[in-house]
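Below are some numbered points on the model, for checking against the coordinates. Please read them with the structure open.

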There are 2 protein chains.
Amino acid sequence: MLYFIGLGLGDAKDITVKGLEIVKQCSRVYLEAYTSILTVGKDALEEYYGRELLLADRDMVEQEADEILKGADVSDVAFLVVGDPFGATTHSDLVLRAVNAGIQYRVIHNASIMNAVGCCGLQLYNFGETVSIVFWTDTWRPESFYDKIKKNRDLGMHTLCLLDIKVKEQSMENLMRGRKIYEPPRFMTVSQAAEQLLEIVQNRRERGDDLAISEETICVGLARVGAEDQVIRAGTLRQLASCDLGGPLHSMIVTGHLHPLEVDMLRLSAATPDALQDLRMTDSSTYTS
Amino acid sequence: MLYFIGLGLGDAKDITVKGLEIVKQCSRVYLEAYTSILTVGKDALEEYYGRELLLADRDMVEQEADEILKGADVSDVAFLVVGDPFGATTHSDLVLRAVNAGIQYRVIHNASIMNAVGCCGLQLYNFGETVSIVFWTDTWRPESFYDKIKKNRDLGMHTLCLLDIKVKEQSMENLMRGRKIYEPPRFMTVSQAAEQLLEIVQNRRERGDDLAISEETICVGLARVGAEDQVIRAGTLRQLASCDLGGPLHSMIVTGHLHPLEVDMLRLSAATPDALQDLRMTDSSTYTS
């Protein structure tokens, strides 16, 4: 049996009791290491689980999947994923390979950012399509996520923005020389995401577009959701551009139509005491009681 | 401290290790009992946790919240919720009451249907607004969820449909006589939801509406997600109307634009061997490679 086990969002103890029991009895345990990170590292997990963990990076899962699946038809193998195994990144490819090889699989679910984000007080069923915001470079500055946010806002929906993670990046020089030397991981902050969004707003304004978002649109910044030191900050897009929410991972929400109860909840994490005080007046386009 | 602890979707062991530790050390432990059910009952949870659980039904949470909050400023109280505390139903009201009473709160997240639904192979970030399908009566047959599904499909998005749960219903006679006698709980099946949707499709066709959904639209039925006996069935809306997925809880997805990898995953749970074989031909409006 191949077990896909979600680890949740915080630390080693966010695994479910069922998941932990399975980890302890599997013959091999892989830790997916390319789409997300826990706030604790591999060592802490190994110590708590009492098991050696084999790191499975993107290359391995894509090119050496047979290695992961080996023997899973006669013994138990676990594949650990931060969050839920079918959260922001799915592992459909590995599932299909297992099924084709006659290997049964089972999923042990857990929280992922896709549902835990509800902790900020916005209702999950009022979210539209989730978008990803990628790091811009000098030559690549995609704006497509703005258009998706606009579509959601036109329907009154909130938008969860997953922020870019760069792990195992190679510098151009190392890439060209074929040297497997990697840059330190990078994680987009709420501030960086808000800055990029503000720049798009400015571009669209100059083009004379009908604006779906402005500097005053209410957004929510989230850092380390589910961890002890989780931070939630609600404020205008402009306010979030200058906030510092600390270490990774960060996510951001661009709100749509706000229900009064949602406003009350957002006030608990307002960026400044008066940030959401007069929401009715400052952002009436997105708020109707 | 008031702890909101998600129990996940399956059985007693789907609580997280962290959640279980907190349950064991709290002075009182409430079990929210009105928006969902676990596949195991209160007794099984009490036995596994080694704790007495106080049932908190809707009346209690809404009218006797002070009872739940009592002493939570000086000792620890746990409020257990099936799925995630901020999943399909949120507990914002209780959070706000706690904060107003100067009580700190913390959330221990877990899987909910809102993210675990990814196990069928459809990508979570391709879902639009979530809808609820309610039991129709002779005189109340709302069709508004159809219009939301249509909006999602127009954008190529999938729609998660949460199906109605009726607990603590009173018959008209008992209600009028003020007798607190309740009907047995009822849970909408995928088949019932599909039947209601088919009737709306027929109504709209007769009105000459532009149809967003037809009898051949690919849908996914899910039962007891996360439990040992979970069932996923992918097929046309017509096929799902006559399927029997067993006991509660059920959910249904109306697909939007399907990515080839999503089609491959859905084939693993096809209602009939050829149900999705020629998806390209039977439902080309929702599928582009």
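1. Strand 2 (residues 28-32) of chain A pairs with strand 3 (residues 54-56) of chain A in the parallel sense over three bridges. Strands here are DSSP runs of E of at least two residues, helices are runs of H or I of at least four, and both are numbered from the N terminus; two strands pair if DSSP finds at least two bridges between them. Within this pair, L31(A) has L55(A) of strand 3 as its bridge partner. Four of the five residues of strand 2 of chain A are buried, so the strand is mostly covered (buried means under 20% relative accessible area, exposed over 50%, partly exposed in between, with a 1.4 Å probe and protein chains only).

2. On the basis of the note: this is a predicted model, in which local features need pLDDT of at least 70 and side-chain atom pairs count only at pLDDT 80 or more, while totals for chains, interfaces and linings use all residues. Residues are numbered from 1 along each chain as its sequence is written, chains are lettered from A and ligands numbered from 1 in the order in which they are written, and side-chain values use heavy atoms, with hydrogens and water left out.

3. Chain A has an open sheet of five strands in the order 6-7-12-10-11, with mixed pairing. Strand 6 (131-133) and strand 11 (231-236) of chain A are its edge strands, each pairing on one side only. Neighbouring strands of the sheet are turned by 25° against each other on average, direction ignored (axes are lines fitted to C-alpha atoms, for helices over the stretch in contact, and angles run from 0 to 180 degrees between N-to-C directions). Strand 6 of chain A runs parallel to strand 7 (residues 159-163) of chain A, with three bridges between them; V131(A) stands opposite C161(A).

4. Two helices of chain A pack on that sheet. Helix 7 (residues 144-154) of chain A touches strand 6, strand 7 and strand 12 of chain A, and its direction makes about 145° with that of strand 6. Helix 9 (residues 190-207) of chain A touches strand 6, strand 7, strand 10 (218-223) and strand 12 of chain A, its direction making about 40° with that of strand 12. Contact means heavy atoms within 4.5 Å.

5. In chain B, an open sheet of five strands has the order 6-7-12-10-11 and mixed pairing. Strand 6 (131-133) and strand 11 (231-236) of chain B each have a single partner strand, so one side of each is left without a neighbour in the sheet. Strand 10 (residues 218-223) and strand 11 of chain B are antiparallel and share six bridges, with C219(B) paired to G235(B). Helix 7 (residues 144-154) of chain B packs on the sheet and touches strand 6, strand 7 (159-163) and strand 12 (250-254) of chain B.

6. Which residues does the UniProt annotation "binding site" cover? The unreviewed entry gives L9(A), D84(A), G87(A), S112(A), I113(A), L163(A), V225(A) and H250(A); positions follow the numbering used here, feature names are shortened, and annotations may be inferred rather than shown by experiment.

7. G87(A), one of the annotated residues, lies in the loop between strand 4 (77-81) and helix 5 (92-100) of chain A. G87(A) counts as buried, at 0% relative accessibility. Not counting residues up to four places away in sequence, G87(A) touches S112(A), M114(A) and L124(B).

8. Is H250(A) buried or exposed? H250(A) counts as buried, at 6% relative accessibility. The side chain of H250(A) reaches the backbone oxygen of G246(A) at 2.7 Å. Beyond four places in sequence, the contacts of H250(A) include L163(A), M188(A) and L222(A).

9. The largest nonpolar core has 90 residues, and F79(A) and F79(B) have the most contacts inside it. Such a core is a set of buried Ala, Val, Leu, Ile, Met, Phe, Trp, Tyr and Cys residues joined through side-chain atoms within 4.5 Å. Leaving aside neighbours within four places in sequence, F79(B) is in contact with residues including L2(B), F4(B), Y30(B), V61(B) and L94(B).

10. R186(B) lies in strand 9 (residues 186-187) of chain B and counts as partly exposed at 36% relative accessibility. D164(B) is 22 residues from R186(B) in sequence and 8.2 Å away in space, C-alpha to C-alpha. R186(B) touches D164(B), and F135(B), I165(B), K166(B) and E169(B) as well, not counting residues up to four places away in sequence.

Conventions: A polar contact is a pair of N or O atoms within 3.5 Å; within protein, one must be able to donate a hydrogen and the other to accept it, and residues adjacent in sequence count only if both atoms are side-chain atoms.
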